[in-house]
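User: Could you take a close look at the main pocket of this model and explain, step by step, what lines it?

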Amino acid sequence: MPDNVLVAYATKNGSTAQIAEAVAEVLRKDGLGAEARPAGSVTDVAPYDAVVVGGGLYAGRWHKDARRFVRRHRRALTGRPVWFFSSGPLDASAAERDIPPVPGVRRAMDKLDVVEHVTFGGRLEEGRRDASPA
Ligand SMILES: Cc1cc2nc3c(=O)[nH]c(=O)nc-3n(C[C@H](O)[C@H](O)[C@H](O)COP(=O)(O)O)c2cc1C
């Protein structure tokens with residue numbers, strides 16, 4: 001069981017960060033070491049035994065910081081257990097059924113042999129509807 005888990009997240013409007021913090025909190029309650037950090041701020045995954053990567057969905061793709069994180073750390077991630085999550089659907093669908101990863105995330109999962117992917121419901125604050133994609 002991993003002692004030190006990184007939950008790396010990529011967010012534009014903050015909801016993916018909140019999910020990442022909640023995931024890290026659950027892991028800590030289970031007795032693991034876990035910290036949530038913005039994906040773009042992580043320079044090295046070597047200190048971590050396992051990695052969770054989460055990205056907000058914009059126009060059918062993960063937030064660019066999540067895509068970059070996976071590209072940049074691909075070699076180190078290959079040797080570690082990795083989980084993915086996406087934050088997106090604004091209706092109740094994610095709570096009602098499993099939503100598969102978008103194609104780009106699916107491809108990254110195959111390359112890295114990711115253990116599992118989960119889609120969480122997203123959130124869009126009032127006034128953000130015209131926000132440009134990440
Ligand atoms: C311009 C825009 C495009 C979006 N595209 C998608 C999408 O393709 N699929 C999806 O499930 N959600 C989509 N959403 C919803 C976001 O993924 C949702 O608001 C998510 O919680 C954003 O994460 P963040 O708050 O961490 O940035 C979109 C939202 C905006 C504003």
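Analyst: Helix H5 gives the largest share of the lining of the largest pocket, namely five residues. The model is a predicted one, and in it helix H5 spans residues 103–112, while strand E4 (61–62) and helix H2 (64–72) also supply at least two lining residues each. The volume of this largest pocket comes to about 340 Å³, and of the 13 residues that line it, those closest to its centre are Arg67, Arg71, Gly104, Ala108 and Lys111. Sorted by class, the lining holds six charged residues, five nonpolar ones and two polar ones.

For another part of the model, one can turn to helix H1, which runs over residues 15–29 and reaches 21 Å from its first C-alpha to its last, close to the 21 Å expected for its 15 residues. Within H1, the buried residues are Ser15, Thr16, Ala17, Ile19, Ala20, Ala24 and Leu27, and the elements that cover them include the strands E1 (4–10), E2 (33–38), E3 (50–58), E5 (82–87) and E6 (116–120). After H1 comes Gly31, with a positive phi near 95 degrees.

Definitions and conventions: Residues are numbered from 1 along each chain as its sequence is written. This is a predicted model: local features need pLDDT of at least 70, side-chain atom pairs count only at pLDDT 80 or more; totals for chains, interfaces and linings use all residues. Side-chain values use heavy atoms; hydrogens and water are left out. Helices (H or I, at least four residues) and strands (E, at least two) are DSSP runs, numbered from the N terminus. The expected span of a helix is 1.5 Å times one less than its number of residues. Buried means under 20% relative accessible area, exposed over 50%, partly exposed in between (1.4 Å probe, protein chains only). Contact means heavy atoms within 4.5 Å. On a 1 Å grid over the protein atoms alone, a cavity is a set of points where a 1.4 Å probe fits but cannot get out, and a pocket is an open set with protein on both sides within 12 Å along at least five of seven lines; lining residues have an atom within 4 Å of a point. Grid points are joined across faces, edges and corners, and a volume is the space filled by probe spheres set on the points. Ala, Val, Leu, Ile, Met, Phe, Trp, Tyr, Cys and Pro count as nonpolar, Asp, Glu, Lys and Arg as charged, and the others, Gly among them, as polar.
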